[in-house]
Amino acid sequence: MRIDHKGINPATVSLESTERTEADKRTGKGSSTRGSQGDSLQLSSEAQLLHSALKAAGDAPATRADKVEAARQKLAAGELGKDAGTLADRLIDDLLER
């Protein structure tokens, strides 16, 4: 039976079963050597990628409300957004620094 990742919250799915299954494949041990420990789970590569993306998003720093408010005030005062070229350069520089 195959179960697709649709409707499954990857944040709640542990990759331990998949890692164990992959380790079993490398060592030649199958589920029959594990006895009756229960069911196993194999996640598709898409589900593993989604899990990694959600984990990375959860580890990202939170939005700094003070910086957002300062930018809003500068925008309202006309101090921000006058030079689109400079703004674009700074955005690109910031992305390249990450």
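Trainee: What should I know before I start?
Mentor: It's a predicted model, where local features need pLDDT of at least 70, side-chain atom pairs count only at pLDDT 80 or more, and totals for chains, interfaces and linings use all residues. Residues are numbered from 1 along each chain as its sequence is written, and side-chain values use heavy atoms, with hydrogens and water left out.

Trainee: OK, how many helices and strands does the protein have?
Mentor: It has 4 helices and 0 strands, going by DSSP runs (H or I, at least four residues, for helices; E, at least two, for strands) numbered from the N terminus.

Trainee: And how much of the protein is buried?
Mentor: 11% of its 98 residues, with buried meaning under 20% relative accessible area (1.4 Å probe, protein chains only).

Trainee: What about α3, how many of its residues are buried?
Mentor: The count is 0 among its 12 residues, so to speak hardly covered. Helix α3 covers residues 65-76 and reaches 16 Å from first C-alpha to last, close to the expected 16 Å (1.5 Å times one less than its number of residues).

Trainee: What comes just after α3?
Mentor: Gly 78, with a positive phi of about 80°.

Trainee: Switching topic: which share of contacts comes from residues 24 or more positions apart?
Mentor: 65% of the contacts with a separation of 6 or more, a contact being heavy atoms within 4.5 Å.

Terms used
Buried < 20%, exposed > 50% of the residue type's maximum accessible area, 1.4 Å probe, protein only.
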